[in-house]
Each structure stands twice: as C-alpha cells, then as structure tokens.
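Q: I'm new to this one. Can you walk me through it, starting with what you mean by a core?

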Amino acid sequence: VLGVSGTLLLFQSQYFAWAHGRLIPDHLSQHMGSIDRWVAQARAAVPGMSGPVYIWGPRTDHNLSNAAMLMFQGNTPSGFGHMGAVSVLVAPATGEVLGTVDFDHSPAYAPIFLHRDLWSGHVGRVVSGIVGIGALLMLPVGLYLWWPRRRLLQKLSPRPWRRTFTRANRLHDVTGAWVFLVLLMLVGSGLYLVQPGWVQPVLSSLFGPERRAELRADPTCRDPGAGAIDLDTAVARASALVPSERFAAAAALDRGSLLQWKLIFAPQDSQATYRQTYVLADLRCGVVKLDSSPANRALTQSIELWLISLHDGTAFGWPGQILIALIGLAPLVLLWTGTRMWLRRRGWLRKPKQVRESALPIERHDTEQTTVT
C-alpha cells in the first residue's frame with residue numbers, strides 16, 4: 001500500500017485538476033499581489049476558523065494549483081486526512097476568493113493521506129513508522145541471503161530475460177538487487193517524514209544537534225527602528241536578503257497571535273526542499289532575519305531536508321520524481337514473487353502427488369512404444 005500510493009503521488013497535479021480544477025479560471029494571472037489582501041479576503045471566506053497557519057504561493061509544496069492557497073484550522077478532524085483543515089484559494093494578483101477545499105474530504109489529497117498515515121491520522125503514522133523499521137531490518141537480511149560467493153555481475157544481470165520474467169525467484173533476486181540502495185533510502189527518509197521524533201535523536205547523536213536562528217526581539221519593541229509591520233513588508237525585506245529567489249510559502253510559528261512567521265524562498269528552477277532558504281519575521285517589532293540557507297545550515301538540518309528531497313525525488317527534478325515513482329512499485333513485485341517462492345517451498349503450488357504419479361506410466365509407455373516402432 002505504501003509503495004503503490006507513493007507511486008500515485010507523481011500525479012498529484014492531475015488529481016487536483018480533476019477534483020477542484022473548476023475553481024481555477026483559465027489563464028489566471030501569476031503576478032504576486034498583496035499577501036495581506038490574500039489573508040483578509042480568505043479570513044472573510046471562512047469565518048470562525050483560526051489562521052491562516054500556512055500560506056502558499058502558486059505551484060509550491062502542497063499547493064498544486066495556479067492560485068495562492070491559505071490553510072485554516074478549526075474543523076473536527078475526520079475523513080482522509082484527520083487534520084481539521086480547510087484551504088482557501090485566492091487569485092494571486094487580486095486576492096479574490098476562488099473557492100475553498102476541505103483537506104480531510106478532498107479526493108485530490110486522498111492519495112497523499114493514504115501514503116502518509118493510511119487514512120488513520122496519528123495511528124496510521126505509527127503503523128507506517130513500524131512498517132518502516134521492519135523494512136529497514138528486512139532489506140539488509142534480503143541482501144545477505146542474495147549475496148553470491150562468486151560471479152556477482154552475472155547474478156546482477158537480468159539475462160536471459162525470459163527466465164527473469166517467468167520465474168519468481170529470478171525476478172525477486174534481480175529486482176531486489178537493483179533497487180536495494182534506492183529502496184533503503186526511501187524507507188529511511190519515509191520513516192523520518194512520518195515519525196521525525198524517532199529519527200531526529202539518531203541524527204543528532206551522529207551529526208550533532210540542530211542550531212537554528214531565533215527571533216529575540218524586545219517584547220516592548222524598544223529596539224532602534226523597531227515597529228509593527230505587515231506581511232507584505234516582511235516579505236519585501238526578506239526578498240532583499242535573498243534577491244535571487246522567489247517567495248514560496250509562509251508558516252506561522254505562533255498559531256495563536258500569528259505575529260511570528262517563517263518565510264520560505266525557493267529558486268525558480270527547483271522545488272527541492274534542501275534548496276530552500278528560510279527567513280524569520282516578527283511582525284510585532286519588524287524584525288526580519290535570515291534563519292538558514294543551503295550555504296549555512298547545520299549538518300543535521302541539511303540531512304533532514306535532503307531526506308525530504310530524496311524521498312519525493314525533487315532533488316533531481318522530474319527525472320528523479322519519475323524514478324522514485326517507478327521504484328515505488330518494487331515492493332509490490334517483491335511481495336508477489338516472495339509470496340510465490342514461500343508457497344512453492346511449502347509445496348502449496350505443486351501438483352498433487354497422485355496426479356504426478358499417474359502421469360508417469362503414460363509417459364513411460366509412450367516412450368517404450370516409440371522405441372519399438
């Protein structure tokens with residue numbers, strides 16, 4: 001289930017267009033207008049909900065549309081996602097509300113929720129984490145059982161093709177050997193994504209603790225030049241710090257007051273997480289400072305972001321995403337071939353004994369008769 005659903009994620013944009021494409025006008029302008037207007041219009045569309053806690057520009061991260069997207073919280077968790085979240089789509093240039101999407105019940109996001117938490121919320125993420133640990137143990141054992149004493153290259157070769165595709169044990173060996181490293185990376189990075197609390201202590205012990213910048217503005221805003229600012233001003237100041245990148249998203253660091261934000265900037269030619277730059281902004285006192293960039297991150301944080309980019313394939317662009325989607329089918333092949341091998345070793349796929357014995361005299365008689373003739 002995890003492997004096949006991961007393969008299906010290659011088509012997220014198509015799911016969104018099928019489920020919610022009617023909300024997005026054709027030839028919608030991608031010009032970035034006022035983000036504060038986005039927030040004001042979106043809040044009016046979902047009264048009673050808190051937020052926005054996330055703001056995405058067009059075609060960034062979890063926003064699969066040409067519109068801007070703002071996520072609010074306050075619904076009862078249910079459906080596919082168990083998030084209790086609703087997104088509001090707005091026109092990037094004008095802030096006009098185009099429609100709303102209930103994350104928990106949207107068919108566009110059902111595949112990613114199936115892949116992440118098996119449509120079961122926290123319980124599903126725990127199950128996925130346990131499956132990941134089991135797979136991390138099984139893959140090295142499988143490699144050990146496969147490893148030949150000699151003629152390694154010969155065993156790696158899928159030739160003869162007919163034997164590889166018609167014999168379960170041969171297909172199992174070749175598939176497992178060729179996808180081992182990528183599958184090990186996918187399982188390890190997937191374990192981090194669903195249960196980061198299980199993986200971060202290991203990364204910290206190996207590569208040192210994370211060192212993140214913090215906003216330490218005077219709560220009374222008496223610092224020189226301090227003063228309240230809006231999101232548009234914060235994004236403008238952040239853009240001056242990273243002029244070569246575009247604004248991609250904003251995440252609220254304090255979901256109560258919504259005064260502290262992490263602004264995310266990305267290069268024009270990539271959606272890889274490890275290439276993003278993070279800027280912290282305090283709207284109350286006007287503090288805007290660089291948090292981290294690919295050039296100055298702590299090793300532990302760089303590894304975490306690389307794990308995300310490797311898991312979804314964005315680290316290598318579209319070719320990487322297609323490769324990861326294909327590798328997602330490997331567990332299905334290993335399951336089918338491994339099950340056939342297991343059943344055959346127990347004799348459950350062989351012909352019954354009496355059938356084989358009754359066939360032998362006929363074959364022997366035919367052979368003798370042919371010889372006499």
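A: A nonpolar core is a set of buried Ala, Val, Leu, Ile, Met, Phe, Trp, Tyr and Cys residues joined through side-chain atoms within 4.5 Å. One caution before we go on: this is a predicted model.

Q: Fine. Which residues of the largest nonpolar core touch the most other members?

A: I55, L70, W261, L263 and F265 do, out of 30 residues in that core. At least two core residues come from each of α3 (35-45), β2 (68-73), β3 (85-90), α10 (231-241), β5 (246-252), β6 (260-266) and β7 (277-282).

Q: Take L263. What does L263 touch?

A: Leaving out residues up to four places away in sequence, L263 touches A234, V235, A238, F247, A249, A250, T277, Y278, V279 and A281.

Q: Zoom out. How many helices and strands are there in the protein?

A: The protein has 14 helices and eight strands. Of its 373 residues, 42% are buried.

Q: What share of the contacts is between residues 24 or more positions apart?

A: That share is 58%, counting contacts with a separation of 6 or more.

Q: New topic: pockets. What is the volume of the second largest pocket?

A: About 180 Å³. Its lining is I133, L136, G188, S189, L191, W198, V199, V202, L203, I303 and L307.

Q: Which helices supply that lining?

A: α5 (121-146), α8 (168-194), α9 (196-207) and α11 (299-312) each give at least two residues. The largest share is from α9, with four residues.

Q: How does the lining divide into nonpolar, polar and charged?

A: Nine are nonpolar and two are polar.

Q: Let's follow α5. How far does it reach?

A: From first C-alpha to last, α5 covers 37 Å with 26 residues. That is close to the 38 Å expected at 1.5 Å a residue.

Q: Which α5 residues are buried, and what do they pack against?

A: The buried ones are G121, G124, S128, G129, G132, A135, L139 and W146. They pack against α1 (2-8), α4 (110-117), α6 (152-156), α8 and α9.

Q: What follows α9?

A: G208 does, and its phi is positive, near 95 degrees.

Q: What lines the largest cavity?

A: R59, T60, D61, R246, A248, A266, S270, Q271 and Q276. Two of these lining residues are nonpolar, four are polar and three are charged.

Q: Last one: T337. Is T337 buried or exposed?

A: T337 counts as buried because its relative accessible area is 0%, and the cut-off is under 20%.

Q: Where does T337 lie, and what is it in contact with?

A: T337 lies in helix α13 (residues 330-345). Apart from neighbours within four places in sequence, T337 is in contact with A168, L171 and H172.

How values were computed
Residues are numbered from 1 along each chain as its sequence is written. This is a predicted model: local features need pLDDT of at least 70, side-chain atom pairs count only at pLDDT 80 or more; totals for chains, interfaces and linings use all residues. Side-chain values use heavy atoms; hydrogens and water are left out. Buried means under 20% relative accessible area, exposed over 50%, partly exposed in between (1.4 Å probe, protein chains only). Contact means heavy atoms within 4.5 Å. On a 1 Å grid over the protein atoms alone, a cavity is a set of points where a 1.4 Å probe fits but cannot get out, and a pocket is an open set with protein on both sides within 12 Å along at least five of seven lines; lining residues have an atom within 4 Å of a point. Grid points are joined across faces, edges and corners, and a volume is the space filled by probe spheres set on the points. Ala, Val, Leu, Ile, Met, Phe, Trp, Tyr, Cys and Pro count as nonpolar, Asp, Glu, Lys and Arg as charged, and the others, Gly among them, as polar. The expected span of a helix is 1.5 Å times one less than its number of residues.
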